[in-house]
Amino acid sequence: MANGGYAWWYLDALSDDGRHALTVIAFIGSVFSPYYAWARRRAPQAARASAHNAINVALYGPGSHHWTMTERGERQLQRDARTLCIGPSALAWHDGALTLQIDEVTAPWPRRVRGHIRLTPQACCTDSHALDAAGRHQWSPIAPVARVEAEFEQPRLRWQGAAYLDSNRGSVPLEDDFERWDWSRCALPDGRGAVLYDVTTCGGAQRSLALAFDAQGRSQPFDAPPPVALPRSGWRVERGTRCDAGAGAQVQRTLEDGPFYARSMLRTQLLGEPAQAVHESLSLRRFASPVVQAMLPFRMPRRAG
C-alpha cells in the first residue's frame, strides 16, 4: 500500500427485532486519523499507512451507545490473506464466514467492549468500482446481503440479524479528491440488496453509483433515482439520499452525529420496494479543518506501543 494510502473493511448489521445495530470498521491507514494526517503534513512521502491502524466498533441498543476507535501502531498489525489482527482484536475468514473477536475500550469515557461476531454471506461479490475519475479510490461490495450472529460479554447482549460487508481502498487521502459524499445500503424485502453512492469531488464534479445485488451476489447497475434532501444533523452536516420518484425518505434515527460525519437509519423506497437503509454522510472539507483535527484525539486515542 502506497504511503498516504488506506484500506478499510466495513460491516454493519441490524437485529431481527429492530432493537440493536452494530458497525465495525477495520482500518489500515485510518482515513479519519488526526495522527495520520499530521504525519502526512510533516513528511508526505514517509507517512506509512501501516503505522496508523484501528478497529472502530459502534454498538447501538435501547438506551445505550458504545463507541471505540483506538489507533494502533505498526507493531500491533498482523495480516495475511485470511486474517487481520489490530491490537487485541482480529478478523478472520473460516469455513466461508467472517469471524471477529472484539476487545476494545470506549473513548473518551473508558468502558470495555468485548465480544464475538460471525458474519455469513448469502453470496460473495468480487466487483470493484472506482469512486473517482482517476480510479484512485475503489469500493468493493464483498457481501451485500448476509446474516450475522453477535454475542458480547461487555456489554452483555446476544442477537442475530441482517448484515452487510464491503471494503474501500485508495492510494491518496480521501480529502485530496473529495469534498463530501452520501452513501447508503439496504436489504430489500424480495431478497435483493441495493447500494447508493453520491460523491462530490474537490473540483465540484458529482458522481453517482446505484447497484442492486441478487441472492447470488451478482450486481446490476440501475438508473440513480431522484435526489432527496434530508434534515441536517445536529452538527449541521448536510445529508441527502435518493429514492423512487414520488416516494419520500425519512430519517428514523441518527446513530452517529459528529462535526464531519453522520450515520443514520432511513425509511425509504428503492426499486419499488419499501426498505430500511443504513446511511452515512461525510464532509471531508470539515474533516480537514484545523478545529476538527484538534478535537479528534478525544474520541480517537492512539496506543502505538
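Which loop holds P108? P108 sits in the loop between β8 (97-105) and β9 (112-121). Helices here are DSSP runs of H or I with at least four residues, strands are runs of E with at least two, and both are numbered from the N terminus.

This is a predicted model, in which local features need pLDDT of at least 70 and side-chain atom pairs count only at pLDDT 80 or more, while totals for chains, interfaces and linings use all residues. Residues are numbered from 1 along each chain as its sequence is written, and side-chain values use heavy atoms, with hydrogens and water left out.

**Figure 1. Overview of the protein.** The secondary structure comes to four helices and 22 strands. The C-alpha trace spans about 50 × 45 × 35 Å along its principal axes. Buried residues make up 55% of the 305. Buried means under 20% relative accessible area, exposed means over 50%, and partly exposed lies in between (1.4 Å probe, protein chains only). Contact means heavy atoms within 4.5 Å. Among contacts between residues at least 6 apart in sequence, 55% join residues at least 24 apart.

**Figure 2. The salt bridge between R185 and D12.** A salt bridge is a side-chain nitrogen of Lys or Arg within 4 Å of a carboxyl oxygen of Asp or Glu. The R185 and D12 side chains meet at 2.3 Å, N to O. R185 lies in strand β13 (residues 178-187) and D12 in strand β1 (residues 6-15), so the pair ties together parts 173 residues apart in sequence. R185 is buried, with a relative accessible area of 4%. D12 is buried too, at 2%.

**Figure 3. The salt bridge between R40 and E175.** The closest N and O atoms of R40 and E175 are 2.8 Å apart. R40 belongs to helix α1 (residues 34-42) and E175 to helix α2 (residues 174-177), so this pair ties together parts 135 residues apart in sequence. Both R40 and E175 are buried.

**Figure 4. Further salt bridges.** D214 pairs with R218, the closest N and O atoms being 2.7 Å apart. D214 is partly exposed, with a relative accessible area of 21%. R218 is exposed, at 53%. Elsewhere, D103, R112 and R114 are linked in a network of salt bridges. A search of the whole structure finds 15 salt bridges.

**Figure 5. The surroundings of T268.** T268 is placed in strand β20 (residues 261-270). Its relative accessibility is 8%, so T268 counts as buried. Leaving out residues up to four places away in sequence, T268 touches R242, C243, G248, A249, E273, P274, A275 and A277.

**Figure 6. Two cis peptide bonds.** A107 and P108 are joined by a cis peptide bond, with omega about 5°. Another cis bond joins Q154 and P155, where omega is about -5°. P155 is found in the loop between β11 (137-154) and β12 (157-170).

**Figure 7. Positive phi at R236 and L271.** R236 is not a glycine, yet has a positive phi of about 65°. R236 lies in the loop between β17 (227-230) and β18 (239-242). L271 has a phi near 50°, also positive in a residue other than glycine. L271 is found in the loop between β20 and β21 (273-283). L271 is partly exposed, with a relative accessible area of 29%.
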